[in-house]
Amino acid sequence: MSNQQNTPLHVQLSEEFMRRITDGEWPPGFQMPSEAELCREFGTSRGPIRQALAFLRSEGAVTGGRGRPPMVRSSVPSQSFSTFNSFTEWAVGIGRKPGQRTLEVARREASPEAAEALGLTPGTMVVELLRVRSLDELPAMIERTTFILEVGRKLFDFDTDSGSIFAFLKGQGVDLHSARHTIDAVAASEEDAELLGQPEGIPLLRERRVTRSADGQPLEYSEDRYLPSLTNFTIDNTAERRAALVRIPTEGATP
């Protein structure tokens, strides 16, 4: 369970439930404890439990509802929101070897696009990061990220080539609570092509993301560019629940 004081209880519960699923403690096909049993285990009322279960259903991780006991899906989506921000966790989850090469971590004035996304005034100092992410030691994605200064300055004490920045920041108590993703396609610039070892102008999947704290404060703006031969994004929705966005590897993909 999260120790962050500002994190709502139902969010802490959903994170714990998802951890049990991804760790195999609650394997595919497992019938989860009843609401009453979960209330007793976590010492809470039904409200937060039901909110947490509703989130897992919206992510497609569990089935059930309307009188049916919740059950872990026989095939959990490859990427739920709880790990969506982490390329490292996603790569490990699909059995690939993640890697990263940091080209820059710098303190400078926010770009106009980043300032607008983060709600900052022009000239505000931020921390920018540029990394090339790899799958099985081959370039797969370019990561251009801007953090507000309060958060980004923590990266100067972290080896950004060692792994997940989000995991590190969460360990430092940064409240990376929710994110909004915008996905489209762009042509590879000259810099993109050089970093990915691909021809200039090839199509890339672009994911722009704004990550916020539980109280709604923007903390991070990122523009990631993927080789579409390696991954794609899918959205599953029904008339009864919100769309759940997942990132999946392209079938039989090789860089």
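**A sheet and an aromatic cluster**

Please find both in the predicted model before you, in which local features need pLDDT of at least 70 and side-chain atom pairs count only at pLDDT 80 or more, while totals for chains, interfaces and linings use all residues. Residues are numbered from 1 along each chain as its sequence is written, and side-chain values use heavy atoms, with hydrogens and water left out.

Let me first describe the chain as a whole. Its secondary structure comes to nine helices and ten strands; these are DSSP runs numbered from the N terminus, helices being H or I with at least four residues and strands E with at least two. The protein chain has 255 residues, and buried residues make up 45% of them. Here buried means under 20% relative accessible area, exposed over 50%, and partly exposed in between, with a 1.4 Å probe and protein chains only.

I turn now to the sheet. Which order do its strands follow? The six strands of this open sheet stand in the order S3-S4-S5-S8-S7-S6, with antiparallel pairing. Strand S3 (98–109) and strand S6 (178–187) are the edges, each pairing on one side only. Two strands are said to pair if DSSP finds at least two bridges between them. In general, strands of a sheet pair through backbone hydrogen bonds, either parallel or antiparallel.

Let us walk along part of that order. Strand S4, residues 125–135, is joined to S5 by ten bridges in the antiparallel sense. The hairpin of S4 and S5 has two residues between the strands, and in this hairpin Asp-136 takes a positive phi near 50°. S5 itself is mostly covered, with eight of its eleven residues buried.

On to the next neighbour: S5, residues 138–148, pairs with S8 over seven bridges, again in the antiparallel sense.

How many residues of S8 are buried? In strand S8, residues 218–226, nine of the nine residues are buried, so this strand is largely enclosed by the rest of the structure. S8 is also joined to strand S7, residues 203–212, by eight bridges, and these two strands run antiparallel. Within that pairing, Arg-209 stands opposite Ser-222 in S8. The hairpin of S7 and S8 has five residues between the strands, and Gly-216 in this hairpin takes a positive phi near 95°.

My last topic is the aromatic residues. The structure holds four aromatic pairs. Rings of Phe, Tyr and Trp (its six-membered ring) pair if their centres lie within 6.5 Å; planes under 30 degrees apart count as stacked, over 60 as edge-to-face, and the rest as tilted. One of the pairs is that of Phe-17 and Trp-26, which is tilted, at 5.5 Å centre to centre and 40° between the planes. Phe-17 and Trp-26 are both buried. Why is the pair of Trp-26 and Phe-30 stacked? The ring centres of Trp-26 and Phe-30 are 6.0 Å apart and the planes lie at 15°, so this pair counts as stacked.

Is each of these two residues buried or partly exposed? Trp-26 counts as buried, at 4% relative accessibility, whereas Phe-30 is partly exposed, with a relative accessible area of 28%. Finally, Phe-17, Trp-26, Phe-30 and Phe-42 form one aromatic cluster.
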